[in-house]
Amino acid sequence: MVSAKRPPVLASQRVIDAAEIAVAPRRRSADDLLRLVPGVLLSQHGAEGKGQQLFLRGFDAAHGTDVEVTVAGIPVNELSNIHGQGYLDLNFMIPEVVRSISVSKGPFQINQGNFANAGTLRFELGVDPAARGTRVGYELGSTIRHRGVVVHAPKRLGPRTFTAFEAMRDEGFAPGRRAQRVSSMSQVRLIDSPVYGSLDLLGSGYYARFGSPGALAAADVASGRVPFDGVYQDDGGGTSIRSLASLRHQIGLGVGKLEQRLYGQFRHFDMLENFTGYLQDPVHGDRRSQMHRVFSAGYQIEYQRPLVETLVLTVGGSWQGDSISQEDRRVDARHGVVHNNWMLGVGQHQASARAGLRWRPTKWLHLEGGARADLFAYDVIDYLQDDVREQKVVGRASPRLLAAFRLGPRMSLFAAYGRGLRAPEARSILAGVTAPSDVVLDRYKGGTPRVVPSDAIELGARFTGTRYLSAGLAAFATWIDRELVFDHVSAVNLELNQTRRLGVEIDVALRPVPWLLLRQDLTLTQARFVGSGAPVPGAPPLLSGSSLTLIHPSGIRAGARLQVVGARPLPHGASSATYALLDLSVGYRHGPLQLDLQIDNATNARWKEGEYHFASWWNRADPRSTLPSLHLSAGPPLAVRLATTLYFM
Amino acid sequence: MLGKRVTLGVMLGLGVVLGPGFGCTPSQEAQRVQLEVEVDDAALVIGDNDLGWRVELGTARIAVMDLQFSILGEGHDASAWLPSWLIGRAWAHPGHLSGGDVTGELGGEFILDWTGAGGMQLGTAEMLTGVYQGLNFGFRAAAGASDGLVVDDPLLGHTAHFAGTASKAGQVVMFTAQVDIEAGTQMVGAPFEIEVGPTSAAPVVLQLFPVDPVEGLSLFDGLDFAALDADGDGLVAIVPGEDAHNFLRRTLQSHVHYGAVER
């Protein structure tokens with residue numbers, strides 16, 4: 001259930017396979033599968049369908065800013081998304097066809113690209129032999145949730161070939177949480193030839209609508225002015241659309257292997273939200289309407305070749321071009337435009353080249369080293385500023401090194417260093433061009449847009465016992481010399497002071513009998529600004545996950561997960577509440593029929609999924625205040641889903 | 001077998017201990033303190049403008065609203081690593097970085113009268129604890145009774161009113177100035193460098209700097225009072241619509257002429 005195809009080369013490396021995914025509790029969408037990754041915290045402040053906020057290794061990665069994610073090898077972080085840099089929306093994936101999730105924390109391998117400051121998560125698609133065939137499933141949930149799924153994966157074909165369709169509608173546990181989506185994914189091996197290699201075609205289409213309840217001022221909840229799971233305004237929400245096609249070609253060339261991928265995507269995202277009430281505009285309100293539309297094309301190539309028996313050369317490169325139109329407006333209650341904040345046309349290119357060596361001089365030593373160079377080119381037109389046009393090219397070289405020492409058949413030590421990177425967003429290169437006209441008064445004009453590098457190290461050990469026990473320990477540290485954050489309100493690039501993140505991850509997995517896996521993960525992180533010693537806001541200092549995965553030959557299967565989240569530091573000295581959350585699942589399969597019951601938040605804990613510290617002004621009868629205060633988004637209460645699946649083998 | 005039991009025990013123990021143990025810490029708001037805000041004339045010195053006129057103010061009143069106090073937080077001063085001889089002192093001027101978060105405020109409308117009476121009290125500001133670096137406020141037009149102005153007050157309907165003398169090489173000009181600035185225009189980033197802790201109680205004092213103490217810039221730079229006194233009667237009235245008004249209107253918006261200190 002927890003396995004690695006090859007011996008791990010990093011202490012924190014992990015592969016989560018299809019069996020563990022299949023019995024995981026709280027698997028409403030593929031986004032939720034990220035909860036299976038030790039050390040990842042998710043926070044949903046919209047409804048299902050909106051990208052979640054991610055936390056990993058001391059990073060508040062917002063909607064994906066510092067976590068790189070690929071699906072079938074295709075990068076899905078959205079560079080320059082209007083809603084957030086590196087925005088991730090994984091809801092287009094159908095959980096039943098996620099074959100594995102590979103976790104590489106930190107930026108230590110040369111195939112980790114833009115946004116991989118905290119790590120890289122790779123989703124592989126397919127259906128394993130044990131689950132192949134045709135299945136039809138229907139799920140009914142206590143939130144008036146209906147979900148149907150069909151997966152067709154002919155047994156005679158390999159694990160990469162499948163077609164799947166999903167439709168879902170959920171009223172949500174409270175106002176503003178309604179969600180609906182339809183998604184289809186198909187992957188087929190077109191060619192499998194010793195001469196021409198293999199050629200896989202992937203296609204996907206996705207449409208979703210989701211609500212956005214916003215956040216509530218904690219004082220308003222405490223005074224009873226608004227219910228804990230209520231909303232101030234009920235018109236928030238958005239649309240997410242994606243279509244995707246990819247061709248992957250793999251071929252052996254003598255002793256070497258060549259893999260190349262060509263892909264294209266269309267993405268549309270729009271949403272309306274209001275987090276600050278009437279603070280900015282006391283008359284019309286602060287509703288913000290965003291639209292982001294992008295056409296992308298990309299190409300990747302990688303060639304591996306052993307130079308001698310113990311030394312393997314890897315070279316690769318990638319390119320992706322995006323044509324983006326994006327808008328950001330303040331609108332009134334009828335959604336009429338009050339003020340245009342942004343209206344841009346963007347052409348952007350991301351290109352990378354990498355080269356590295358993998359050397360295994362002895363049985364007990366594995367070394368990898370190399371470097372990658374990344375280039376980002378932007379061509380941005382500001383339609384609100386007389387079509388001002390700005391172009392910029394930025395780049396960065398990033399070395400990566402790692403070593404794995406096998407001390408014996410069961411014990412390994414690991415050491416790694418790597419430089420991660422995050423590219424600037426397209427809007428940021430306009431900051432110096434369209435600065436306010438009062439620059440003569442010495443307003444801060446902001447830093448120069450550039451690639452933000454991070455330097456990370458990891459030291460660790462892993463004990464891989466017999467079938468009963470495995471355990472790992474990893475200590476990590478990440479330094480960012482000077483963070484650069486684009487402030488969307490003031491339209492300047494804010495340079496922040498040096499930060500460092502220190503942490504320890506411990507994981508223990510125990511399999512007392514073949515059908516039962518118990519696991520405990522613990523991540524302790526300290527993220528601070530070096531000069532002041534102040535905590536980096538948002539980063540959870542403690543994350544604990546205790547899980548049980550049971551797959552019994554009799555057909556019974558079950559999953560349980562207890563997650564404990566420590567108090568997160570928030571801006572200005574505030575802090576969030578701690579919480580513990582227990583999710584359960586149980587299922588039984590008899591012949592072609594399978595029943596699954598999922599129970600989210602089994603203790604019906606009243607918990608705050610998101611907590612923030614900012615200023616808002618909702619009741620105009622009260623004095624307007626610009627002072628930040630605690631805000632929250634309610635976590636879902638106890639929810640139950642019953643699913644029936646019929647297999648046609 | 002004992003090893004497995006020990007491991008299982010440790011795992012369950014961690015789950016049991018960490019769950020309830022960490023599951024009961026509530027959210028915490030940032031700490032707040034309340035500080036009195038006053039106005040005084042301590043910085044109201046006599047100074048020269050860039051054309052050599054020595055200006056002494058007898059009246060200096062400005063209509064403002066919504067005082068805000070900001071912390072820099074972890075914003076990085078990009079010029080901090082450069083030696084001061086390489087980069088102009090202007091960059092080293094405190095308050096130039098207007099970025100930062102507003103974590104203190106005193107809402108309402110005020111007439112800042114720097115020459116009326118010492119220690120004029122504006123009210124009580126609510127502030128989060130932290131290291132402050134900036135003061136902001138909005139300009140407005142002075143109203144009548146709500147600002148305590150009589151109907152013939154020269155400030156009425158305007159943003160600022162100054163009166164005083166300007167002298168140069170034996171020539172003395174008495175001047176008045178009425179300045180209009182569009183309501184809501186913000187003055188952002190005046191120096192306010194104090195650390196507010198949970199036990200802070202000292203009042204915050206707002207000051208007007210007719211001469212910027214760092215760079216020597218005068219509020220009246222660009223004004224040639226001899227040229228303004230075209231009829232030579234020694235009296236000058238600067239009113240909206242004139243070039244002189246626009247000079248003053250611009251300098252009045254600059255953060256370098258304001259500041260706040262702890263009493």
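Is A:Phe648 buried, partly exposed or exposed? A:Phe648 counts as partly exposed, because its relative accessibility is 44%. Buried means under 20% relative accessible area, exposed means over 50%, and partly exposed lies in between (1.4 Å probe, protein chains only). The residue sits in strand β35 of chain A. Strands (E, at least two residues) and helices (H or I, at least four) are DSSP runs, numbered from the N terminus.

The model is predicted: local features need pLDDT of at least 70, side-chain atom pairs count only at pLDDT 80 or more, and totals for chains, interfaces and linings use all residues. Residues are numbered from 1 along each chain as its sequence is written, chains are lettered from A and ligands numbered from 1 in the order in which they are written, and side-chain values use heavy atoms, with hydrogens and water left out.

A:Phe648 belongs to a nonpolar surface patch of about 720 Å². Other members include A:Val136, A:Phe165, A:Tyr207 and A:Leu593. Strands β32 (593-600) and β35 (639-648) of chain A each supply at least two residues of the patch. Such patches are made of residues with over 30% relative accessible area and no salt bridge; nonpolar side chains (Val, Leu, Ile, Met, Phe, Trp, Tyr) are joined within 5 Å, like charges within 9 Å.

Chain B has 4 helices and 13 strands. Of its 263 residues, 49% count as buried. The largest nonpolar core holds 56 residues. A nonpolar core is a set of buried Ala, Val, Leu, Ile, Met, Phe, Trp, Tyr and Cys residues joined through side-chain atoms within 4.5 Å. Among the members that touch the most others are B:Ile62, B:Leu67 and B:Phe220. Strand β3 (residues 54-71) of chain B gives the most to this core, with 8 residues. Apart from it lies another core, of 48 residues, among them A:Leu88 and A:Leu244.

Strand β3 of chain B also carries B:Arg61. This arginine counts as buried, because its relative accessibility is 10%. Its side chain makes a polar contact with the side chain of B:Asp153 (2.7 Å). A polar contact is a pair of N or O atoms within 3.5 Å; within protein, one must be able to donate a hydrogen and the other to accept it, and residues adjacent in sequence count only if both atoms are side-chain atoms.

In chain A, A:Gln320 lies in strand β18 (residues 311-331). A:Gln320 is buried, with a relative accessible area of 8%. A polar contact of 2.7 Å joins its side chain to that of A:Tyr263.

The whole structure contains 52 salt bridges over all chains. A salt bridge is a side-chain nitrogen of Lys or Arg within 4 Å of a carboxyl oxygen of Asp or Glu. One of them pairs A:Glu505 with A:Arg57, the closest N and O atoms being 2.9 Å apart. A:Glu505 lies in strand β27 (residues 499-513) of chain A and A:Arg57 in the loop between β3 (53-56) and β4 (59-60), so the pair ties together parts 448 residues apart in sequence. Both A:Glu505 and A:Arg57 are buried. A:Asp521 and A:Arg519 also form a salt bridge (3.5 Å, N to O). A:Asp521 is buried at 4% relative accessibility, and A:Arg519 is buried with a relative accessible area of 3%. Elsewhere, a salt-bridge network links residues including A:Glu48, A:Arg145, A:Asp600 and A:Arg641.

How values were computed
Areas by Shrake-Rupley, 256 points an atom, 1.4 Å probe, with all protein chains shown as cover.
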